[in-house]
Amino acid sequence: MLCRVALDAHYSSGLSPVGSVVAYNESTINTLGIVQDALALLRTAHSLPMSHFHQLTTSVSELVILLLSCVSSISKVSTAQAMVYFAEANDLIQSFPLAPDVRHVLETFVLSLSLLIGDDVKVAREAHMMHPIPLALGKGSTHGSGSETDIITFSLFLHHLVSYRVDDFGLGDSQISAALLVALFRWTAWSPVVFYTQLFVSALTCLSQSASEALIWKAFVVGRLPRLLLLFEAAVNADGITSTDWKRALQAALQTNLKTELIASCDHSISLAKKANKSQDDEVPFSRDLLQNLIQLNLISSTFAIGVDPFISTDDLPRLQAEALDYGLDLEAYLESKFSPDIDVEELSSWIGRIANDDSCHSVLSTVILRRFTTLATTYDVDALSHLCKVLYTIEVILDIMTLHIKVSDLIFRALLFLDEYDCETVGDPQTAVSHLGDIVIFVQHTTARFHVRLESELYTLENRTLSSAFLKSTDTIYTNDSLSHEDSQAFGIWFKALFDSGSEGIEDSILRSTQPKVLLKISATLFLQAITFHMLQKIDKDTLTNGVSYFMGPLLSWTLVGIIKALVREIIQQRHFNPITRIEILQTLLLSPLCPRPVLQLVAPKVYILLDHRKGKFNLSTLPGVDVISIRRVIEAALGVRTEGDLLSSIAICALRD
């Protein structure tokens, strides 16, 4: 009950976990102490008899997730204390049937601790602090420094690479990922055959157990891991200490792993994920795709591959590469041609589905899009860049693929730099230009939230320049006149008159040319709330208010709606005014508008659900006349891609943590 109170207080506060779950100025050491207490409570919860009335394990799991999200850095934790946390968290992972979300968070926590502890992990293992479990696959156990089976360490390492692929030590940075692989190879002191055997049995185990994430793991194992191995082998060979036949080592490892029931489990997980995603792709055995990509990269011989899979064709080109040749193009040119502004986003969507299933081309696709994005941003081609941004935030699988191969933070940096430097003063049609800038803003908002990029620092550095996305976190702030700078105050006055003055002739081109996107994002929520206040004071009539609001329901200004909707929800919940009806009516109008961008609905979903479930104070939203709660829920669920109640709860939890 007490856990639920703490959780409800956090979710209703609208604050991040730092500030609601723990104090802003709480030290990492004190926070880890609270985490340790929470882990002890989680152990107790799982040890108690199950109750259908009090979901203690669910509540404690949520609390552990929130608390661990408050731990920003463990670099100052002593080795001894880190080993205590390591033992406690690892024992929970091994001893209890934890929910997938809390298990994932704890596995990441354990990996971070193991990297901090370094060589002392071996001591811990020898002292049986890791509480190992027998492997279902292979012989022996996971403990002992001389053991040649340790899928726990490998699985944690791979889970970190894939789940946190957009972070500094994620898959996006090829050199760092390869360096981590080299460090793991040296730490284990295994022979190349044993190392590759454990690496692939761990990767295949992760894939077979990945459920809804099976297609991401397939893309990693088939399309990304082989390219990492090229960098890994080159780095180890560069030392010149040993001469290793890596091809023979890899073939020996695959000979062992590709003839186990684990491959069938992988195919089953992939098949279920494809059905859930309504994929129409032909069912090709996963191992065949892997072997063909390894042949293409010269990591194994074609003779070996045929010996493993007699039905494999070593002469056939990958599907997309063959398709490109039919058009007389190489693969890069063919892929780049598909992202022309002349090709409609919806038309592109079905073609992207085929790309997603061809893991061998993912690396080339990622390189092509990054290069195109960079070129368009540096040449200030707002039309083409807007189209590419819209493709990326509409067809989400593209970014899923790209995060395995490139640093998404580089894309965000280019977009932020473009927003800083683009000048509407010289464009012929500022209304179209501002609409295009809106697509770039939505891309940054959507991508930073979806992948939890740079939540702490909000800083992006490239080419000796640092940019901040912090302005996106305060778009729902309501400003008083004296809290705005002179420039922002002037812009506010001009925009308010253009939008909410009965004598206004609309938004003139000169206003659009002179207002930076950041300024418009900053003042939009305040524009709305002041207009509503003026209407309540009878300073503007209903038609004038409605007309001003209508400008935000089209592509010209709909990209500012995230802050506006969040501000309206907060004002309604906090009941700062006697009659919230006008605010509720406008909120409903915005949410149910068919032109409201899907990423906007995704980003405001947690706040909207808090409002829909609000039962305190003077009103219950579902009982108010004219409020269509069912339709609001329907459009939010459609934006989130919700199919089941479980999907809904998962989506809301993820969005709330990123909010």
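Analyst: A residue is called buried when its relative accessible area is under 20%, exposed when it is over 50%, and partly exposed in between, using a 1.4 Å probe and protein chains only. By this rule, buried residues make up 52% of the 659 residues in the chain. The model is predicted, and local features need a pLDDT of at least 70 while side-chain atom pairs count only at 80 or more, although totals for chains, interfaces and linings use all residues. Residues are numbered from 1 along each chain as its sequence is written, and side-chain values use heavy atoms, leaving out hydrogens and water.

User: Why is D358 called buried?

Analyst: The relative accessible area of D358 is 3%, which is under 20%, so D358 is buried. Its place is in the loop between α18 (345–357) and α19 (362–378), where the helices (H or I, at least four residues) and strands (E, at least two) are DSSP runs numbered from the N terminus. Apart from its neighbours within four places in sequence, D358 is in contact (heavy atoms within 4.5 Å) with P318, R319 and L320.

User: What makes V221 buried?

Analyst: V221 has a relative accessible area of 0%, and because that lies under 20%, the residue counts as buried. It is found in helix α11, which covers residues 214–239. Leaving aside neighbours within four places in sequence, V221 is in contact with A203, P226, F286 and L290. F286 is 65 residues from V221 along the chain, yet their C-alpha atoms are separated by 9.7 Å.

User: Why does Y380 count as partly exposed?

Analyst: The relative accessibility of Y380 is 38%, which falls between 20% and 50%, so Y380 is partly exposed. This residue is found in the loop between α19 and α20, and it has a positive phi of about 55 degrees although it is not a glycine.

User: And why does Q538 count as exposed?

Analyst: Q538 has a relative accessibility of 73%, which is over 50%, and therefore Q538 is exposed. Its place is in the loop between α26 and α27 (542–550), and, although it is not a glycine, its phi is positive, at about 65 degrees.

User: What makes α26 largely enclosed by the rest of the structure?

Analyst: Of the 20 residues of α26, 14 are buried, so the helix is largely enclosed.

User: Which class has how many residues in the lining of the second largest pocket?

Analyst: The lining has 10 nonpolar, eight polar and six charged residues. Here Ala, Val, Leu, Ile, Met, Phe, Trp, Tyr, Cys and Pro count as nonpolar, Asp, Glu, Lys and Arg as charged, and the others, Gly among them, as polar. The largest share of this lining, six residues, comes from α20, while α18, α20 (382–394), α23 (430–450) and α30 (598–612) each supply at least two residues.
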